[in-house]
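These are my notebook entries on a structure I opened today. I wrote down what I looked up, in the order in which I looked.

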Amino acid sequence: MTANAVTAWFRDLYVRRLGWAGYSSHCGRRTFATQAARKATTVGGSLRDVQDMLGHASLMSLGANLASGLFCP
């Protein structure tokens with residue numbers, strides 16, 4: 001599946017099926033990142049583990065996702 005196909009699938013799910021305007025596949029990614037960061041230390045993990053899962057090159061780029069908040073819009 002291509003990146004564009006995944007984006008289209010989420011758009012169809014969020015907008016057409018659920019009626020959620022303003023949501024995107026990236027909203028789900030940011031929500032996952034935020035929840036994973038909150039729970040990481042409770043299971044022996046760290047922000048570096050979350051960084052690795054998301055494929056970010058630095059903690060600063062991870063922080064940008066976390067700073068955008070939980071759930072969109």
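I began with the way two helices cross, and found that α2 passes α3 in a right-handed crossing; a crossing is left-handed if the near helix is turned anticlockwise from the far one by less than a right angle, and right-handed if clockwise. The model is a predicted one, in which local features need pLDDT of at least 70 and side-chain atom pairs count only at pLDDT 80 or more, while totals for chains, interfaces and linings use all residues. Residues are numbered from 1 along each chain as its sequence is written, and side-chain values use heavy atoms, with hydrogens and water left out.

For the geometry of this packing I noted an angle of about 155° between α2 and helix α3 (residues 47-54), with their axes 9 Å apart; axes are lines fitted to C-alpha atoms, for helices over the stretch in contact, and angles run from 0 to 180 degrees between N-to-C directions. That makes α2 roughly antiparallel to α3, a term that applies to angles over 145 degrees.

Next I listed the residues that meet: Arg29, Phe32, Ala33, Ala36, Ala37 and Ala40 on the α2 side, and Leu47, Val50, Met53 and Leu54 on the α3 side, with contact taken as heavy atoms within 4.5 Å.

I then followed alanine 40, which lies in helix α2 (residues 25-40) and counts as buried at 8% relative accessibility. Here buried means under 20% relative accessible area, exposed over 50%, and partly exposed in between, with a 1.4 Å probe and protein chains only. Leaving aside neighbours within four places in sequence, alanine 40 is in contact with Gly45, Ser46 and Val50; from alanine 40 to valine 50 I noted 7.5 Å, C-alpha to C-alpha, for 10 residues in sequence.

Salt bridges came next, and a search of the whole structure gave two of them, each being a side-chain nitrogen of Lys or Arg within 4 Å of a carboxyl oxygen of Asp or Glu. Aspartate 12 pairs with arginine 16 at 3.4 Å, N to O, and aspartate 12 pairs with arginine 17 at 3.0 Å, N to O. Arginine 17 is exposed at 61% relative accessibility, and the shared partners join Asp12, Arg16 and Arg17 into one network. Why are aspartate 12 and arginine 16 separated by about one helical turn? I put it down to their being four residues apart in helix α1 (residues 3-17).

Turning to the aromatic rings, I found three pairs in the structure, where rings of Phe, Tyr and Trp (its six-membered ring) pair if their centres lie within 6.5 Å, and planes under 30 degrees apart count as stacked, over 60 as edge-to-face and the rest as tilted. The rings of tryptophan 9 and phenylalanine 10 have centres 4.9 Å apart and planes at 85°, so this pair is edge-to-face. The rings of tyrosine 14 and tryptophan 20, by contrast, have centres 5.8 Å apart and planes at 15°, so that pair is stacked. Tyrosine 14 is buried at 10% relative accessibility, whereas tryptophan 20 is partly exposed at 39%. Ring pairs link Trp9, Phe10, Tyr14 and Trp20 into a cluster.

Last, I looked at the protein chain as a whole, which has four helices and zero strands, helices being DSSP runs (H or I) of at least four residues and strands (E) of at least two, numbered from the N terminus. Of its 73 residues, 23% are buried.

Conventions. Angles under 35 degrees count as roughly parallel, over 145 as roughly antiparallel, 65 to 115 as roughly perpendicular and the rest as oblique.
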